[in-house]
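This briefing is meant to be read beside the sequence and the model.

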Amino acid sequence: MRKIKLVEVRSEIAAGTRGASLGVDALKIASLDKKSNFFTQFDPINVPDANNFLWKGNKHPHAKYIDGVYQVLKNVYSTIESLRLEKKFPIVLAGDHSTAAGTIMGIKAAHPEKRLGVIWIDAHADLHTPYTTPSGNMHGMPLAMVAQLDNLECKVNQPLAETLSYWEKIKKIGGDSPKIDPGDVVFISVRDTEEPEDFLIKKYGIKNFSTAEVRQLGISKVAQEALQTLKDCDQLYISFDVDSLDSSISVGTGTPVPNGLTVEEAIQLNAELIKDKRVCCWEIVEVNPTLDTENTMAEIAFDVLEITTKSLVDNF
């Protein structure tokens, strides 16, 4: 069995709605309701968050709470780097999706010589920057952070000097070079993007398997093609945002979007992808039980987590 480490990141500072910090514990409650012993099998590491910044008020309209986000990303980065140097396999349970940047930074810092590919299962592309964001919410920026993109071609905002100072510091966590090439990203079920993101997707030729394509090709074919697209990468990281699920299912998340995956599709997809020996980290994010009834989203997310982990262990 791989040396799996659960990494718990209760950060919600970069989300637009409050409550994602409770997602990790909602998953644990779901496991109890399902009488699963999942959380007794692995020792968790709890990464310190910076949610206390929410009480201080936001001073950065185009990158909300960027000072706190910077702190969390450094914490996540150093945790993941240490685990990868110890040849551990991190399974990350996180709140808002911005912390995925810290995960990627840590993977890359541990093995800078290895080319890292990303499979991003999400309703959103998360390629915004302080210059292009319509909301200022930084959970829409992690891929731009790690690819060191500003996207000035599509600039619509005038971020404050202090905001940009933090943005530059964030891009340099784990080393002042891009952690990934944008062309080494594969999207699955991304369907809610803005023009600046569409510009980058086209510019870098980022492959997006739409929900319709997933149905048309079937899960195993999509998994096969996604992995083939990243054939030149030495390592792979999979990030699963629960809003990739259809909005009829994903009520308990901050930004649900119609025309998403079914639960069965999400489970099969993650279980199939994680069989690839290059996968070195898997992450699940954005469960928000405050937006839900009877912990439904967390129960679904827990099924994805448990079955994906089982697939990892069985295929090692």
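At 0% relative accessibility, A125 counts as buried, because buried means under 20% relative accessible area, with exposed set at over 50% and partly exposed in between (1.4 Å probe, protein chains only). A125 is found in the loop between β4 (116-121) and α5 (142-146), where helices (H or I, at least four residues) and strands (E, at least two) are DSSP runs numbered from the N terminus.

The model is predicted, so local features need pLDDT of at least 70 and side-chain atom pairs count only at pLDDT 80 or more, whereas totals for chains, interfaces and linings use all residues. Residues are numbered from 1 along each chain as its sequence is written, and side-chain values use heavy atoms, with hydrogens and water left out.

**Other loop and helix positions**

- L245, in the loop between β7 (235-241) and α10 (263-273), is buried, with a relative accessible area of 0%.
- The C-alpha atoms of L245 and K64 are separated by 26 Å, and the two residues are 181 residues apart along the chain.
- T229 belongs to helix α9 (residues 219-229) and is partly exposed, with a relative accessible area of 38%.
- Between the C-alpha atoms of T229 and K172, which are 57 residues apart along the chain, the separation is 27 Å.

**Positive phi angles**

- Most residues other than glycine have a negative phi.
- K35, although not a glycine, has a positive phi of about 55 degrees; its place is in the loop between α1 (23-33) and α2 (38-41), and at 75% relative accessibility K35 counts as exposed.
- E294 likewise has a positive phi of about 55 degrees without being a glycine; its place is in the loop between β8 (279-285) and α11, and E294 counts as exposed at 75% relative accessibility.

**Helix α11**

- Helix α11 (residues 296-314) has 19 residues and should span 27 Å at 1.5 Å a residue, which agrees with the 27 Å between its end C-alpha atoms; the expected span is 1.5 Å times one less than the number of residues.
- The buried residues of α11 include M297, I300, F302, V304 and L305, together with T308, T309 and S311.

**Rings and charges**

- The whole structure holds 5 aromatic pairs, a pair being rings of Phe, Tyr or Trp (its six-membered ring) whose centres lie within 6.5 Å, with planes under 30 degrees apart counted as stacked, over 60 as edge-to-face and the rest as tilted.
- One aromatic cluster is formed by F38, F39, F42 and F302, and F302 is also among the buried residues of α11.
- The charged end of K56 sits over the ring of F53, 4.2 Å from its centre, where such a contact requires NZ of Lys or CZ of Arg within 6 Å of the ring centre and within 35 degrees of the ring normal.
- The charged end of K207 sits over the ring of F209, 4.7 Å from its centre.

**The largest pocket**

- The largest pocket has a volume of about 310 Å³.
- Of the 19 residues that line the largest pocket, H124, D126, S135, H139 and G140 are the closest to its centre.- A pocket is an open set of points on a 1 Å grid over the protein atoms alone where a 1.4 Å probe fits, with protein on both sides within 12 Å along at least five of seven lines, and lining residues have an atom within 4 Å of a point.
- The volume is the space filled by probe spheres set on the points.
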